[in-house]
Amino acid sequence: MAEEDYSPLYQLRRDSSLLGTMNKILVANRGEIPIRIFRTAHELSMNTVAIYSHEDRLSMHRLKADEAYVIGERGQYSPVQAYLAIDEIIKIAVKHNVNMIHPGYGFLSENSEFARKVEENGILWVGPSDTVIDAVGDKVSARNLAYAANVPTVPGTPGPIEDVAQATAFVEEYGYPVIIKAAFGGGGRGMRVVREGDDIEDAFLRASSEAKTAFGNGTVFIERFLDKPKHIEVQLLADNYGNVIHLFERDCSVQRRHQKVVEIAPAKTLPVEVRNAILNDAVKLAKTANYRNAGTAEFLVDSQYRHYFIEINPRIQVEHTITEEITGVDIVAAQIQIAAGASLEQLGLLQEKITTRGFAIQCRITTEDPTKNFQPDTGKIEVYRSSGGNGVRLDGGNGFAGAVISPHYDSMLVKCSTSGSNYEIARRKMIRALVEFRIRGVKTNIPFLLALLTHPVFMTSECWTTFIDDTPELFKMLTSQNRAQKLLAYLGDLAVNGSSIKGQLGLPKLHKEADIPAITDINGDVIDVSIPPPDGWRQFLLEKGPEQFAQQVRAFPGCMIMDTTWRDAHQSLLATRVRTIDLLNIAPATSYALHHAFALECWGGATFDVSMRFLHEDPWQRLRKLRKAVPNIPFSMLLRGANGVAYSSLPDNAIDHFVKQAKDTGVDVFRVFDALNDIEQLKVGVDAVKKAGGVVEATMCYSGDMLKPGKKYNLEYYINLATEIVEMGTHILAVKDMAGTLKPTAAKQLISALRRKFPSLPIHVHTHDSAGTGVASMVACARAGADVVDCAVNSMSGMTSQPSMSAFIASLDGEIETGIPEANAREIDAYWAEMRLLYSCFEADLKGPDPEVYQHEIPGGQLTNLLFQAQQVGLGEKWVETKKAYEAANRLLGDIVKVTPTSKVVGDLAQFMVSNKLSSEDVERLASELDFPDSVLDFFEGLMGTPYGGFPEPLRTNVISGKRRKLTSRPGLTLEPYNIPAIREDLEARFSKVTENDVASYNMYPKVYEAYKKQQELYGDLSVLPTRHFLSPPKIDEEIHVTIEQGKTLIIKCMAVGELSQSSGTREVYFELNGEMRKVTVEDKNAAVETITRPKADAHNPNEIGAPMAGVVVEVRVHENGEVKKGDPIAVLSAMKMEMVISSPVAGRIGQIAVKENDSVDASDLIAKIVKAE
């Protein structure tokens, strides 16, 4: 080349070269070690050459070299074979005037043929000669070397073994345990420990096979295995003139599968005399072998501090970095200069001058998943943020955002080395450094390394070679939450596909953060709500207990209020969609404004499953956070008796377990009811609350208008029911009017009669304002002697919700005290007025009161949900017809008490009737042939208890004949108790961080809980995301502030949404996260939609089975040509919360299945065809 063709950098290095013409080095390796060598080579003013396989063409080591060349033609070599292609690598070196080749570690670093051919081509080999590699690289030859040097070794075969018979003979002489090792190579491959009772033949064959695959040579030998030894290695340097020094030792005892994980220099626990003996023996071995360049002598030290030589590694080691940190010697620089002819003395490397300073620790950060037996993980690194700072050294390879981790190579991502003046300082620096890493997109072993570094045994550096295998608690790790990237994944999906929250119509109308109103005292001064609130009724309850609490409530000179805004109000108006973050925002203000309230109803009922099912939130986390924010007001929850918060009966111990968890987490008052007013069912919940120490508010459900002549639920019925409840035992008696059919006159009669009957018992009344008479009815209750009534703040009251709090307070002004200043109720309401805008997309569009409720009796909480469900299954335009069908369905079922879950039975049957155009007469006539919704079958089976007056016959018999049994006792008595420890063990095996709360959730809703956990794995904790950003696609360039924990806020900005990838159906969504560019890949669900026209079933042909209504096929239970009997299940259909089994109307053979699982179907779509049996 002409002078002007050289780069300025080349000329600079040429002019400052330390090695003269020996100034170009090729590293025959990949990953981090070439980069490490290049850096030292550049310090020596050398030019560097990288080689790479086709699969490695984007690897970082290629970019760090001055020149880089691909190995062979594309497809000529496999990804690993490329780095083993001796002739091809030498060809590249010769062609490009390379003076030296450094092999790194692994691959060809211990291949004597490669070393020989390098030197035969006039290139300097940075390492020991080929003859020395042969003498020490073979473990059997190394043992012979030890005998010659009079260095102790572990008892083993004098040479390689060729068959299992030789292995068996060795065991017979020396006993178990033994270890079978590959004679060539290292890194833990080709090793098998065999203990008494193990299959030695299998171990021999596996070790030999693995060695052949990894090193091209399946030769193995066998030796005695030492239990719990330490692995100590000595770093050696030798020049070409017979001089050998050591750079002290490293403790490499922390291993997995014989591969080092963490290394320490120097060894902390070695006695001085043992250390000196090992160091002397290492030097003696190197001199005996006429060793040259860098190498490592490895020893085992048993519990009696006896040391045994095991091998010499004739190459640089992965962990050489920590020796460099404690000695200050650049080992790679010494290697290169020794290869160029320098002596140790010329390099200033004399033994008496080599000292250690402090301690150093190295951790190998790998892309492995410790929870899956360290299974290597592959994929693209989405985020890479490394550590640094004082005492931290990083030696990395492909650690950068966008790097693709392939399955072809070693899983090591980066080596992190820390140093300090003592072991403890180095250990703490390592912990700090590991915590600083942020690696997303692939799993890493960082959580495991942190568990290891904080284990008491590691803290004392007493580890042994099988420490990891012997210490299962190391796998109880604090895993990375990956919160930011998961939130971006959710926002990215929202940007591409829009909101997936069920029931959402449109977007929120509030486009800013809601204002938190100021709360004033009686003098009009603004209260600082950031300081702890004043004591409320909860402090009295905690101090005195439930009995005296109830007595004090009864003694209150007026009528107290329970605010339902946090539960039933938004269930009734907004389909239970209000999120935890919006409750927390107003919680401090509420703790002051309502501190004299009887309670806040905030948990249980439908809010429990909806929070997981639709809001992707943990209901227990909601309860804990609210309890912390409002410590002074009692919390009330809705408990469905023997159902807990589920829709059918559960084993009694599941109810006990759930209630205890609820009480311990923050619930004070338990409003316990049974949907059929079945005392036996009610008692299960009541007893559970008593055991847990909560306030029992046993409840009778008010159904219909008791003033209507001939109504079976009349005043006498309620007095008799209340008497049974009181005899059972309760702290408070509650009346729950779910539909708002308690008229003022009826309220006066009922509460007056109860007060006369039970003068010392507190009475609590709940209603809905569906007919517009709620305030009048609650005023009548207060005047008749009720102690507590339910209200909601003004903006969350009325219609299907509870009566207005302000209206109730105003109606009693000057007559009956409520304890809540009306001004404070109005102040709080300002916030909830904005919440109605924020959650406008869930409004049921109810325009005003509906006195028709006295006819259809649909509970307020259900009416909104029922309207949503009707819209979801295509019955939105038939809402008036659905309400009439609800009346008819109620009559068919025997005029039952309607509250969850029985109200759901009536609603499901009503939708079923409308969808299939069935009249009451049709249902009664065709009952034995129809595929009723599961909830209807559950009811008639008796899983919800027994209705007052019994089941309607013969309808019950016809509906469940051949499908269900008839229960004649309480359902819970027929259920096996849950094995709660076993359930927890199962959940722990499937999900991380399982608590007793999780077990309780799973017991209530197994499928919902599992779906929630899967959603959480995808998107993390979404409860921290502000609601308008949870429901609306992010706007370009709009900042989103998300506080994920105290003092930690993410600032997110959506920058762009990429074009659709036609091959994958995905889009890239680009974000700024705290000013750093991030990218997520999102499936465009609209791009993958296919329009499918399904055939309809012939309604007049019993051999064609159609979908009874629109929904999703969740299960297909038959296969084509399979035999079926009449009544056998064909498929399961789901529509919102309703599931139904579609059964065969005839016996025969399945001729065609027209659907598969997860298919969406419309009413009458063909499900299957039956070939009728002859």
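Predicted model: local features only at pLDDT ≥ 70, side-chain atom pairs only at ≥ 80, totals over all residues.
Two strands are taken to pair if DSSP finds at least two bridges between them.

The protein chain contains 41 helices and 42 strands, and its C-alpha trace spans about 115 × 90 × 70 Å along the principal axes. Of its 1174 residues, 60% are buried. Among contacts with a separation of 6 or more, 70% link residues 24 or more positions apart. The chain exposes about 46300 Å², of which carbon and sulfur atoms supply 49%. As for charge, there are 127 positive and 151 negative charges, and their mean positions lie 1 Å apart.

Within this chain, strand β10 covers residues 244-256. Buried means under 20% relative accessible area. Because 13 of the 13 residues of β10 are buried, this strand is largely enclosed by the rest of the structure.

Strand β10 pairs with strand β9, residues 230-238, in an antiparallel arrangement joined by six bridges. Here Leu236 stands opposite His246 of β10. Five residues separate β9 from β10 in a hairpin, and Gly242 in the turn has a positive phi of about 85°.

Strand β10 also pairs with strand β11, residues 259-265; this pairing is antiparallel and has four bridges. Val254 has Val262 in β11 as its bridge partner. The hairpin formed by β10 and β11 has two residues between the strands, and Arg257 in its turn shows a positive phi of about 55°.

Note on methods
Residues numbered from 1 in each chain as written. Heavy atoms only, no water. Buried < 20%, exposed > 50% of the residue type's maximum accessible area, 1.4 Å probe, protein only. Contact = heavy atoms within 4.5 Å. Areas by Shrake-Rupley, 256 points an atom, 1.4 Å probe, with all protein chains shown as cover. Lys, Arg positive; Asp, Glu negative; His and termini not counted. Charge placed at Lys NZ, Arg CZ, Asp CG, Glu CD.
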